[in-house]
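Trainee: Please pick one part of this model and take me through it closely. Keep it brisk.

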Amino acid sequence: MNTIDKNIYLNLTKNEKIYLGEVQKKINGEFTLQKFSFGISIANRTSIINHLIKNNDFEKYLEIGVRDLRNFEQININYKIGVDPLPTKKNSNVIVNTSDNFFKKNNEIFDIIFIDGLHLEQQVDKDLKNSFECLSPNGYIIMHDCNPPTEFHQREICEVNGNPNKPWNGTTWKSYAKQRINNDKVNMSCVDCDWGVGIIKKGFQKKFILKKNLNYKILNDNRISLLNLISVKKFLEKF
């Protein structure tokens with residue numbers, strides 16, 4: 001059970017706050033304020049990445065799909081590179097190109113790689129394969145949008161009736177799930193916050209046994225075991 005510290009809190013609105021250790025359940029997973037290795041923060045992809053960097057003394061970071069640099073600019077590490085064909089902001093550390101083209105030319109090894117580019121299974125499969133090839137032995141691959149809460153959220157097309165701003169996770173989860181099904185030489189967890197933050201490192205896992213074609217019903221019926229879904233508190237204990 002989480003211990004809530006009412007002396008430490010974050011104001012959300014004029015009349016609402018969240019206390020340290022408090023966990024609220026939202027459609028995109030746990031919304032919680034926790035103490036990470038680098039300090040106190042809301043649990044999301046950024047805090048998870050920074051926690052792993054701090055705890056492992058990582059030095060080199062790669063982000064696939066920076067878009068508005070909201071996550072990229074908050075990553076605390078000595079050396080970082082972002083890749084995006086259409087970033088909405090300029091940054092000298094961002095390479096304006098597709099991830100496919102970047103990986104063809106890349107000769108560097110990275111300690112932590114965050115995949116958050118095109119949220120479609122076919123592309124994420126390629127980004128995963130290429131990331132494994134340039135990951136340091138003790139490094140981590142982090143994936144966003146691994147836990148779509150409904151079938152609507154995992155649609156293949158982002159826009160809905162011309163509106164591009166509806167919540168969209170795409171089919172990233174399928175690429176993550178296929179590693180759970182086919183690869184026993186990795187260790188995987190998905191943190192239940194911020195639409196599902198997948199964590200992959202080299203190691204060992206018992207494969208998820210699947211006798212049918214992978215589809216959303218399989219995910220919905222086996223969410224915890226297929227994703228190896230863990231709470232934020234469990235993440236902090238484990239990592």
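Mentor: Start with handedness: a crossing is right-handed if the near helix is turned clockwise from the far one by less than a right angle, and left-handed if anticlockwise. Helices (H or I, at least four residues) and strands (E, at least two) are DSSP runs, numbered from the N terminus. The model is predicted, so local features need pLDDT of at least 70, side-chain atom pairs need 80 or more, and totals for chains, interfaces and linings use all residues. Residues are numbered from 1 along each chain as its sequence is written, and side-chain values use heavy atoms, without hydrogens or water.

The part is helix H4, residues 172-182. Its partner here is helix H3, residues 121-133. Their axes (lines fitted to C-alpha atoms over the stretch in contact, with angles from 0 to 180 degrees between N-to-C directions) come within 7 Å and cross at roughly 45°. H3 is therefore oblique to H4; under 35 degrees would be roughly parallel, over 145 roughly antiparallel, and 65 to 115 roughly perpendicular. The crossing of H3 past H4 is right-handed.

Now the contact itself, meaning heavy atoms within 4.5 Å. H3 supplies Glu121, Val124, Asp125, Leu128 and Phe132. H4 supplies Thr172, Lys174, Ser175, Lys178 and Gln179. By class, that is 3 nonpolar, 3 polar and 4 charged residues. Here Ala, Val, Leu, Ile, Met, Phe, Trp, Tyr, Cys and Pro count as nonpolar, Asp, Glu, Lys and Arg as charged, and the others, Gly among them, as polar.

H4 is mostly covered, with 9 of its 11 residues buried. Buried means under 20% relative accessible area, exposed over 50%, partly exposed in between (1.4 Å probe, protein chains only). The buried residues are Thr172, Trp173, Lys174, Ser175, Tyr176, Ala177, Gln179, Arg180 and Ile181. Their cover includes H3, strands S10 (135-143), S11 (186-191) and S12 (197-202), helix H5 (216-221) and H6.

Then the core. A nonpolar core is a set of buried Ala, Val, Leu, Ile, Met, Phe, Trp, Tyr and Cys residues joined through side-chain atoms within 4.5 Å. The largest one has 33 residues, and Leu62, Ile141, Met143, Tyr176, Ile200 and Leu226 touch the most other members. H4 gives the most to this core, with 4 residues. Look also at Ile141: leaving out residues up to four places away in sequence, Ile141 touches Ile113, Ile115, Leu128, Ser131, Phe132, Leu135, Gly198, Ile199 and Ile200.
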